[in-house]
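Reader: Can you walk me through this one? I'd like to start with the charged side chains and then get to the fold.

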Amino acid sequence: ELRVEGDGAKLARVFQNILKNAAAYSTPGTVITVRAEKTEEWVQISFENRGRTIPKEKLNAIFDRFYRLDESRSAAGGGTGIGLSMAQAIAENHGGRIEVKSQSGKTIRFRAVL
């Protein structure tokens, strides 16, 4: 049984923002994998996709407000640069965090730890 106590609407926004980014940056025709698991203290929900990797030096910057990895995505095209910042703030307000790993082989994984 997985259970997280908190504001359901805000937590849904966390998952929606991560999933929206995974869809936007995935290689077309590839699968986005969503997994949930419970550790002793945490519930971890991970979203893994294949696409252009995030350079190591930019992994922390993607959580900065208004930061966009792909500057060619305009606000008109759907990217304002606040989604991941907002998701991280919501996770932190629930006592958790969001982690990201971008591995060679073009695999990107976001994990909400709550």
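Author: This is a predicted model. A salt bridge here is a side-chain nitrogen of Lys or Arg within 4 Å of a carboxyl oxygen of Asp or Glu.

Reader: How many salt bridges does the count come to by this rule?

Author: Three salt bridges. One of them joins E99 and R97, with the closest N and O atoms 2.8 Å apart.

Reader: What else does E99 form a salt bridge with?

Author: E99 also forms one with R111, where the closest N and O atoms are 2.7 Å apart. That pair links distant parts of the chain: E99 sits in strand β3 and R111 in strand β4, 12 residues apart. R97, E99 and R111 are therefore linked in a network, given that a salt bridge is a side-chain nitrogen of Lys or Arg within 4 Å of a carboxyl oxygen of Asp or Glu.

Reader: Why does E99 count as partly exposed?

Author: Because its relative accessible area is 23%, and partly exposed covers what lies between buried, under 20%, and exposed, over 50%. R97 is partly exposed as well, because its relative accessible area is 33%.

Reader: And E5 and R3, buried or exposed?

Author: Both E5 and R3 are exposed. Their side chains meet in a salt bridge at 3.6 Å, N to O.

Reader: OK, on to the fold. What order do the elements run in from the N terminus?

Author: The protein chain runs α-β-β-α-β-β, with two helices and four strands.

Reader: And what is the strand order in the sheet?

Author: The sheet is open, with four strands in the order β1-β2-β4-β3 and antiparallel pairing. β1 (33-38) and β3 (97-103) are the edge strands, and each pairs on one side only. From one strand to the next, the twist averages 15°.

Reader: How many bridges between β1 and β2?

Author: Six bridges, in the antiparallel sense, with β2 covering residues 43-50. A hairpin of four residues joins β1 to β2. K38 has V43 in β2 as its bridge partner, and E37 stands opposite Q44 in β2.

Reader: Which residue in β4 is the bridge partner of Q44?

Author: V113 in β4. Strands β2 and β4 run antiparallel and are joined by seven bridges.

Reader: Is β2 mostly covered or mostly open? How many of its residues are buried?

Author: Mostly covered: six of the eight residues of β2 are buried.

Reader: Now the helices. Which strands does α1 lie across?

Author: Helix α1 (residues 8-25) lies across β1, β2, β3 and β4 (107-113), and runs at about 15° to β2.

Reader: And which ones for α2?

Author: β3 and β4. Helix α2 takes in residues 83-93 and runs at about 130° to β3.

Reader: Zooming out, what percentage of the protein chain counts as buried?

Author: Of its 114 residues, 34% count as buried. The accessible surface of the protein chain comes to about 7200 Å², and 48% of that belongs to carbon and sulfur atoms.

Reader: Last one, on sequence separation. What share of contacts joins residues at least 24 apart?

Author: The figure is 56%, taken among contacts in the protein chain between residues at least 6 apart in sequence.

How values were computed
Residues numbered from 1 in each chain as written. Predicted model: local features only at pLDDT ≥ 70, side-chain atom pairs only at ≥ 80, totals over all residues. Heavy atoms only, no water. Pairing = 2+ DSSP bridges. Axes fitted to C-alpha atoms, helices over the stretch in contact; angles between N-to-C directions. Contact = heavy atoms within 4.5 Å. Buried < 20%, exposed > 50% of the residue type's maximum accessible area, 1.4 Å probe, protein only. Areas by Shrake-Rupley, 256 points an atom, 1.4 Å probe, with all protein chains shown as cover.
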